[in-house]
Structures are given as C-alpha cells and as structure tokens.
Amino acid sequence: MDMSSTATSMSGDEMPMSHMTMTKRVPARAGDAARAAAIADTVGRAIQKYRDYHVALDEGFTIFLPQVPQKVYHFTSKLNGLSSVFSFDPSRPTSLLYRKTAGGYELVGAMFTAPKRFTPEQLNERVPLSVAEWHMHTNFCLAPRGQGQAALPVGNAAPRFGLRGTITTEAECSAAGGRFFPSVFGWMVHVSPWEKDPALVWGTHEDGAAGVRAGH
C-alpha cells in the first residue's frame, strides 16, 4: 500500500463516518473513571520528556510522512507498536502526537494501538469503553498506481479515493481500478493527558479549531 496517499487522505477535514469504525460507549462500571484517570496520569508522566521532540527522535521515534501536511503528526515507535500487539503499557505509546509549529513540533498527546482482531471486551481491558472510543480507519480504496493525486480534494469536491473519498465499497473500488482494504492500521485510541475534561483527554485530534474533540 502507498502509505503516502493514505496519510494524505487523512490530513484534510473531518473524516466521513463511512471510513470510520468506532467502539460503542458502554455504561460505566465501578472504577472505570478512576482507571482511565490513572492511565492518563501515567501517560502524562511518561511522555513529559518528549515535549522536546528531539528526545523522541533520539529514542527512535520516527515522523510518519513529515512531507505530507497534517493537523497532527505521528512520531511512531515500531518497537512500542510491536509490543502493543501483545500487551498494554500506558508508559509506552505507539505514537507521540505533535502539532507543527514555526520552531518545530508541540507535543499534544499520545496514541495507543491494538490489533484489529480485538473484541470490544479486549479493548475495554486496555482503556474503559465507557470513557474512551477506540477507532479504526475502514473502507479504504487505494488509488490506481500513479494516480495518488486522486486522493486529494479538488476545490470543494471530495476526492474519490482514500479515507476521505467517496468510494466506500469494494465493488466501487474495483470498478475504478483501485485496491480495496476493509480496514487499515488496526484499533487506535488518542489520549491528551494534560486536558482537564475527560471528553477532551480521550478525544481525537482529527479536526476542529481546537484540534481535539470527544469522539467522532
């Protein structure tokens, strides 16, 4: 898969729900809020040192497609991502989340991943589903080779391909000459540990002037 076209398709306005799968909020259980708060606290303490993004780079985090304009840049640790397949450690995020600034990058949070095969129960064991919504990018139609620009909007018109594209089914994708992927990347959850409102702590950074919102 051409990851540059994937990232480009993720860097625009709000992602259509046809390209997102979200976990459902469940009724709160005793201890959920305290467990989520403890996780966020651990995350905040663990990533504090990465406010200087050079530290992240020195420790092996790599910027995912820095040449592609994005609202939030993912500095990803392959080692942490591999570890997340087998266990959840809130002190070891798969990715650090930064906004680009005139002088470099500003740390805003972290992202944790889980295998796409995980059930809601397994995700809930990691972060309570009464507090956080895990998300997965779905129904991805990769543009035909050499047509990566087709994943970009033209004026106010939505692109045909990519995670913001109008193509959402395998049949449509095949007819357009693309390659269809039911899902990409697996499950993800964002955490902004320095926010005060739990809805913002466990929101995403995909869109909006504030850059963080609760859910999708």
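This is a predicted model: local features need pLDDT of at least 70, side-chain atom pairs count only at pLDDT 80 or more; totals for chains, interfaces and linings use all residues.
## The S6–S7 pairing

Strands S6 (residues 135-142) and S7 pair in the antiparallel sense over 6 bridges; pairing here asks that DSSP find at least two bridges between two strands. Helices (H or I, at least four residues) and strands (E, at least two) are DSSP runs, numbered from the N terminus. Residues are numbered from 1 along each chain as its sequence is written, and side-chain values use heavy atoms, with hydrogens and water left out.

Both strands are mostly covered. In S6, 7 of its 8 residues are buried, and in S7 (residues 179-191) the count is 10 of 13. "Buried" stands for under 20% relative accessible area, "exposed" for over 50%, and "partly exposed" for what falls in between (1.4 Å probe, protein chains only).

## The whole sheet

Zoom out and you get 7 strands in an open, antiparallel sheet, ordered S1-S6-S7-S5-S4-S3-S2. Strand S1 (20-22) and strand S2 (62-63) are at the edges with a single partner strand each, so one side of each has no neighbour in the sheet. S1 runs antiparallel to S6, joined by 3 bridges, and Met20 sits opposite His137 of S6.

## Val43, looking out from H2

Val43 belongs to helix H2 (residues 32-47). Its relative accessibility is 0%, so Val43 counts as buried. Which residues does Val43 touch, leaving aside its neighbours within four places in sequence? The contacts (heavy atoms within 4.5 Å) are Pro90, Ala110, Phe112, Val191 and Pro193. Val191 is 148 residues from Val43 in sequence, yet their C-alpha atoms are 8.0 Å apart.

## H4 and its two sides

Helix H4 (residues 78-86) has Asn80, Gly81 and Ser84 buried. These residues span an arc of only 100° around the axis, so they are on the same side of H4; the arc is that of the directions from the helix axis to the C-beta atoms. As a general rule, an α-helix has 3.6 residues a turn, so residues three or four places apart point the same way.

The cover over the buried residues of H4 includes S5 and helix H5 (120-126). Turned away from that buried side is a face with the exposed residues Lys78, Leu79, Leu82 and Phe86.

## The disulfide

There is 1 disulfide in the structure, meaning a pair of cysteine sulfur atoms within 2.5 Å. Cys141 and Cys173 form it, with an S to S distance of 2.1 Å. It ties together distant parts of the chain: Cys141 is in strand S6, Cys173 is in helix H6 (residues 170-175), and the two are 32 residues apart.

The torsion about the S-S bond is about 85°, so the disulfide is right-handed. Cys141 has 1% relative accessibility and therefore counts as buried; Cys173, at 0%, counts as buried too.

## Overall numbers

The protein has 7 helices and 7 strands, and reading along the sequence gives the pattern α-β-α-α-β-β-α-β-β-α-β-α-β-α. Of its 216 residues, 50% count as buried. Among contacts between residues at least 6 apart in sequence, 65% join residues at least 24 apart.

The accessible surface comes to about 10700 Å², with 56% of it belonging to carbon and sulfur atoms. Accessible areas come from the Shrake-Rupley method with a 1.4 Å probe, and for residues, only the protein chains shown count as cover.
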